[in-house]
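Hi,

Here is the structure I promised to pass on. Have a look first, and my notes follow below.

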Amino acid sequence: MDVIIESLPQYWDGFLRTLFLAVVSGIIALVVGTLLAAARVSPVAALRGFSMAYVEVVRNTPLTIAFFFAAIVLPRLGVTFQQFEIAAIIALSAYTAAFIAEAVRSGVNSVPVGQAEAARSIGMTFGQVLSLIILPQALRTVIPPMINILIALVKNSSVAGAFFVLELFGYGKQLANDHGDAVMWVLAGVAFFYLLITVPLGYIAHQVERKVAIAR
Amino acid sequence: MWQMFARFVVMTTQVPGDALVSLNAVNKHYGQLHVLKDINFQVRKGEVVVVIGPSGSGKSTLCRAINRLETIDDGEISIDGKLLPEEGKELAHLRADVGMVFQSFNLFAHKTILENVTLGPIKVKGMSKAEADKDAMALLERVGVGHQAPKLPAQLSGGQQQRVAIARALAMKPKVMLFDEPTSALDPEMISEVLDVMIQLAKEGMTMIVVTHEMGFARKAADRVVFMADGQIVEDATPEEFFTNPQSSRAKDFLSKLLTH
């Protein structure tokens with residue numbers, strides 16, 4: 001127990017870095033995922049094909065592969081970064097975007113087809129129909145699965161700890177090495193700080209869901 | 001110069017007379033099913049045409065083909081002299097001139113009643129919000145749901161929702177209004193409130209194509225009745241002629257069934 005109190009500065013630093021990784025990757029993933037979903041339902045066959053291929057490949061390979069790709073393969077292709085955090089953010093957002101895309105797509109499918117027909121019949125273009133009518137309704141229905149994905153993202157960010165990024169899990173490893181006699185408490189502390197992010201996320205989801213539900 | 005001339009020739013030869021909506025030799029299949037068979041159909045400005053027929057006769061498909069919510073296999077459809085373009089910006093422009101009212105209302109579920117009506121004028125026509133709000137309120141008053149403006153669609157009755165849908169279409173100041181079975185999803189006591197709005201609209205000179213089972217509306221407001229069966233236009237006559245003296249056996253059969261129940 002003492003070890004947690006003693007190491008609070010490290011825990012706090014790790015917590016902030018994990019939060020940073022999750023928030024930045026989460027925002028990028030939401031944007032990229034929504035664009036992928038839009039591509040998936042677009043009238044352009046090439047866009048649909050690309051989106052489908054991306055989602056299938058990324059969703060069905062382990063996150064570690066994405067990290068290896070971002071941290072080791074990309075630099076060899078000439079994409080170099082000053083910090084490994086950038087690689088971690090690329091890997092996490094690319095991976096999470098695939099799941100977001102699938103969630104948004106299912107939301108788009110849940111919007112009655114008449115909504116799009118009505119929007120087209122008053123002269124809206126495909127982009128307007130999607131951004132003004134379909135996506136606002138789709139995103140509301142997919143908030144619960146979306147929050148699940150974001151919770152998974154917070155936890156997945158721990159993989160970055162294995163790629164030289166000092167975040168919550170990375171600090172946890174360090175502390176466990178330094179305090180070999182109190183590993184259990186060290187890990188309990190790590191778990192506590194993850195819960196500090198994920199539990200409120202679930203709570204927010206519940207509140208938002210109640211607030212934005214659309215009556216039909 | 002030559003191109004302009006050619007376009008002029010095309011425009012003048014494609015549309016006979018002063019037809020606002022014109023369908024020439026239109027065909028459509030759903031797989032094996034031939035739903036529109038060589039349809040030739042013209043509607044003049046200010047005309048109210050009621051399309052009736054048994055279910056599966058292709059009347060809804062015909063209505064939806066006019067603003068290209070359904071694509072056609074061959075033939076030509078033109079609105080006010082312009083051929084329906086392929087999907088894209090140009091088609092969107094043309095659709096703004098064609099109001100459509102659906103069987104299931106299709107009000108935007110996440111927008112208020114007022115926003116439902118103003119969205120098109122603001123986003124499609126680039127009207128200012130203040131101006132669009134003013135127009136929309138006038139339209140909502142006209143169809144009798146002005147006091148519902150801040151509510152969401154789900155809080156309104158079916159009849160009210162359908163009247164809002166009519167206001168939404170009118171807000172675009174369309175050249176022609178399409179009604180695809182506008183009262184079929186309504187309880188009997190709500191049908192008349194929607195029909196009253198439509199009759200008023202017809203009196204004001206709006207060009208209307210109405211797919212409906214409401215024979216009373218056809219008698220009262222229609223200039224022409226078009227009877228469809230099995231994907232073909234079987235009869236095209238004034239309401240008086242059609243209801244008192246139908247020519248085809250299909251129409252006689254259809255009308256006798258209506259009258260016996």
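Contact here means heavy atoms within 4.5 Å. On that basis, 25 residues of chain B are in contact with 20 residues of chain A. Bear in mind that this is a predicted model, where local features need pLDDT of at least 70 and side-chain atom pairs count only at pLDDT 80 or more, while totals for chains, interfaces and linings use all residues. Residues are numbered from 1 along each chain as its sequence is written, chains are lettered from A in the order in which they are written, and side-chain values use heavy atoms, with hydrogens and water left out.

The two chains bury about 1900 Å² between them, 63% of it on carbon and sulfur atoms (buried area is the accessible area, 1.4 Å probe, that two parts lose on being put together, summed over both). In chain B, the most area is lost to chain A by B:Phe108, B:Ala109 and B:His110, together 29% of what that side buries.

There is 1 salt bridge between the chains, with the side chains of A:Glu117 and B:Arg64 meeting at 2.6 Å, N to O (the cut-off is a side-chain nitrogen of Lys or Arg within 4 Å of a carboxyl oxygen of Asp or Glu).

Over in chain A, A:Arg40 counts as buried because its relative accessibility is 18% (buried means under 20% relative accessible area, 1.4 Å probe, protein chains only). Not counting residues up to four places away in sequence, A:Arg40 touches A:Arg48, A:Ser51, A:Met52, A:Glu102 and A:Arg105.

Cheers

Key
Buried means under 20% relative accessible area, exposed over 50%, partly exposed in between (1.4 Å probe, protein chains only).
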